[in-house]
Amino acid sequence: MSDVADPTVPLHGAALDRASAGKSPTLMRLRAASEFIVIPVLAVMAAFLLFSLFLLAIGKSPLTFLSLLWLGGFGTAFSWGNTLQRASPLILTALAVAVPAQLGLTVIGGEGALVLGGFAAAAIAVPFVGTGMPALIVMPLMIVFALAAGGLWVGLAGWLRYRRGVNETISSLLLSYIAIAIMNFFVEGPMRDLNQPMKASTLPIGTAYMVPAMPHLSVHWGFATGVVLALVLGVLMQRTTFGFAAKITGGNMRAAQAQGLPVGRLILTCALISGACAGLAGYFEVAAVQGRANASLAAGYGFTGILVSFLARHNPIAVVPVAILFGGLGAAGGIVQRRMGMPDATVLVLQGFIFVVLLASETLYGRFRIFQMGGSGGRA
Amino acid sequence: MLTMAGVNRRKFLQTTAASAAGLTLGTASFRAARAATDLTVGVIYVGARDDFGWNQAHAVAVQALKGVPGVKVVEEENVPETDAVAKTMESMINLDGAALILPTSFGYYSPFMIEEAKSHPDVQFRHAAPLWTDKDPKNAGSYFAFLDQAHYIDGVAAGAASVSGKLGFVAAKPIGIVLRNINSFLLGARTVNPKATCQVIFTGEWSLPVREAEATNALVDAGCDLITCHVDGPKVVIQTAESRGVKTCGHNASQAPLAPKGFVTGAEYKWITIYKGFAELLGKGQPLPNITFGGYDKDMVQNTPYGAGATDKARMAADAAIKDLKAGKPIWTTAVKDNKGQVVLPNAPYDNYAPDLNSMTYLIEGVIGSAS
């Protein structure tokens, strides 16, 4: 799961030493880094090729499909807006997976943290509606509640893991169902808006406390927040002692303990960050999209985020382009359905191809000499 | 559906125009009168088009709409009730040139459809639930059909087809529209068998196949020999009941193929009446009504053709009851008690579209189960 576990990484280090004699180190670094771009790109292309064969087999034109994919996902300004809007929650929910993954933890309960975060944000905002309380106070309060609710929820899974040895994958998933049940309890019971007889929801948070769209874009601020957060977490995980300690722990928890690293604190912190990211996604779903909390919060973003994080190899920065790719596929899925008369599952088939080919391509890292620093490396 | 094929264009226009005039509670100004040759209709479904339920009922009608000259239909399924549906609507408008959008799921309405209607005043939006009020944009609106009338017919047939008189009902949530269908079902059954009872189990969710199967089995175990339901996709209920050897009545769309032995009839929407009416009006450049609704009398609901489970007595009783409903005869003719002994609907008889009937919070006497 984590880069540390990858046996090729020390080899890069050794290769760097060998190669530093004659060539520019920056150039060689770039060449080595390009491996992490070229291989995924080739894998995605291979997946498209396979998918084209699938389309031919069912008598549809791959060229039409690709041109529609382009038109619907990236071809016009409107398409980009559609793509980025769909990518926004995925960036945050993927970060909720990527951060604990640095420790070797597989947290799949982002959905629950998202739901709870969104619900908490709505719950704190609703009493202020109509009181004239300035948005400058209520909006930060909503964010804090969303972060706290999400953070505590995944944090609980982290605490259970460290204190009681409970598998975090299972506990976070189960907690996720509890979170959804908690929200349903409140929106169908004590906090229900009785003017909405057919769909149980909280009262609306009101336009004053809603998050507007970004200027010149039809995308809400959740997207920019996700990108910034991905960069911050990328730096935190790759350029700080905290990130380094997390990676050591992810490589071998017992060794990390023996070295005196605060393993418990690392697990808890990463779990809190994870839940906070998902909670923030929930905040934006309520404050920028739905305007109230209801069952639509559990739209599956938390689960798609798992896929995005795995495809980004749990690299927080790589999460952004992968989320945009998924957003584009989702955006184009509609027009593919409409113009080609194909079922919604078509795009799922393509996603499946991409996922499998990308996972298979994991075995290719370190196998091509061209990417090795010094050009003579390879797998030793 | 069968009757539509035989209706000629002239006659259709006449009836549609007449019914539309009768149904219009408010009208929208329609800026661009569009020629009949360039109407693109965008239809949005929350689930799969072949779900044997709500979505299929719309999709079947949309298929027929595709046959209307000059109408092009674009469809998108599995669209969640999030900003994804806003983008789907925009995509249909921007990339496909849709002039009429039909979002068919409840949660699409607010805020998504309302916002899109505000930002696209040239596009018409009609939503399949009774939500539009005159405070909403004038280019938006609602359409819906009173399926309780078809459930009442289900009940009439069920009361005659059931041997034990013990009927079972698998329901999603105890909300007004569902309670009304349950009550109408038993009321229909009691017109044939005054001792009939209806045991209801709520699953708590619109789509929860495992619990729907459990509920069906529990009802059969409790002695029910005829099962019906109000869930999004009745497939599991009908199949489970069929495998247990009991009779079934359907809901939303035709489930007849799922139960070749025990299917009696089913309550079905007939959205095509509404959709074709919209298409014709737009084709002529006329405004669409903001609110369109109806039942048997407006040809907006129907019952599935009788299956092998329908006895002769059931067919005759149901046919007679359908005739009454088409003539506008009320279903709720006398005051009734709820199953806790309180008198409800004291001002009966009620017109079949009376507002009081929309807000049922109770189950009538003879229904075994709790509405809260």
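How many residues of chain B are in contact with chain A? In this predicted model, 24 residues of chain B are in contact with 20 residues of chain A. The legends below take the views one by one.

**Figure 1. The side of chain B that touches chain A.** Three elements of chain B each supply at least two residues here: β2 (71-76), α4 (83-96) and α7 (176-192). The largest share comes from α4(B), with 9 residues. By residue class, this side of chain B divides into 9 nonpolar, 7 polar and 8 charged.

**Figure 2. Helix α4 of chain A beside α4(B).** Two packed helices are described by the angle between their axes and the distance between the axes. Here the axes of α4(A), residues 77-101, and α4(B) come within 10 Å. They cross at roughly 170°. An angle over 145 degrees counts as roughly antiparallel, so α4(A) is roughly antiparallel to α4(B).

**Figure 3. Residues in the contact of α4(A) with α4(B).** From α4(A) come A:Phe78, A:Asn82, A:Gln85 and A:Arg86. In α4(B) they meet B:Asp83, B:Ala84, B:Lys87, B:Glu90, B:Ser91 and B:Asn94. The residues of this contact divide into 2 nonpolar, 4 polar and 4 charged.

**Figure 4. The fold of chain A.** Chain A has 14 helices and 0 strands. Its radius of gyration is 22 Å, close to the 21 Å that the globule rule gives for 380 residues, so chain A is as compact as a globular protein of that length. The C-alpha atoms of chain A fill a box of roughly 70 × 60 × 35 Å, taken along the principal axes.

**Figure 5. Inside chain A.** Of the 380 residues in chain A, 48% are buried. Now take the contacts in chain A with a separation of 6 or more. Residues 24 or more positions apart account for 79% of them.

**Figure 6. Strands β6 and β7 of chain B.** Strand β6(B), residues 166-171, is joined to β7(B) by 6 bridges. The two strands run parallel. One bridge pairs B:Val170 with B:Ile201 in β7(B).

Notes: Residues are numbered from 1 along each chain as its sequence is written. Chains are lettered from A and ligands numbered from 1 in the order in which they are written. This is a predicted model: local features need pLDDT of at least 70, side-chain atom pairs count only at pLDDT 80 or more; totals for chains, interfaces and linings use all residues. Two residues are in contact if their C-beta atoms, placed from the backbone, lie within 7 Å. Helices (H or I, at least four residues) and strands (E, at least two) are DSSP runs, numbered from the N terminus. Ala, Val, Leu, Ile, Met, Phe, Trp, Tyr, Cys and Pro count as nonpolar, Asp, Glu, Lys and Arg as charged, and the others, Gly among them, as polar. The radius of gyration is taken over C-alpha atoms; the globule rule is 2.2 Å times the number of residues to the power 0.38. A residue is buried if 20 or more other C-beta atoms lie within 10 Å of its own, exposed if 12 or fewer, and partly exposed in between; C-beta atoms are placed from the backbone. Axes are lines fitted to C-alpha atoms, for helices over the stretch in contact, and angles run from 0 to 180 degrees between N-to-C directions. Angles under 35 degrees count as roughly parallel, over 145 as roughly antiparallel, 65 to 115 as roughly perpendicular and the rest as oblique. Two strands pair if DSSP finds at least two bridges between them.
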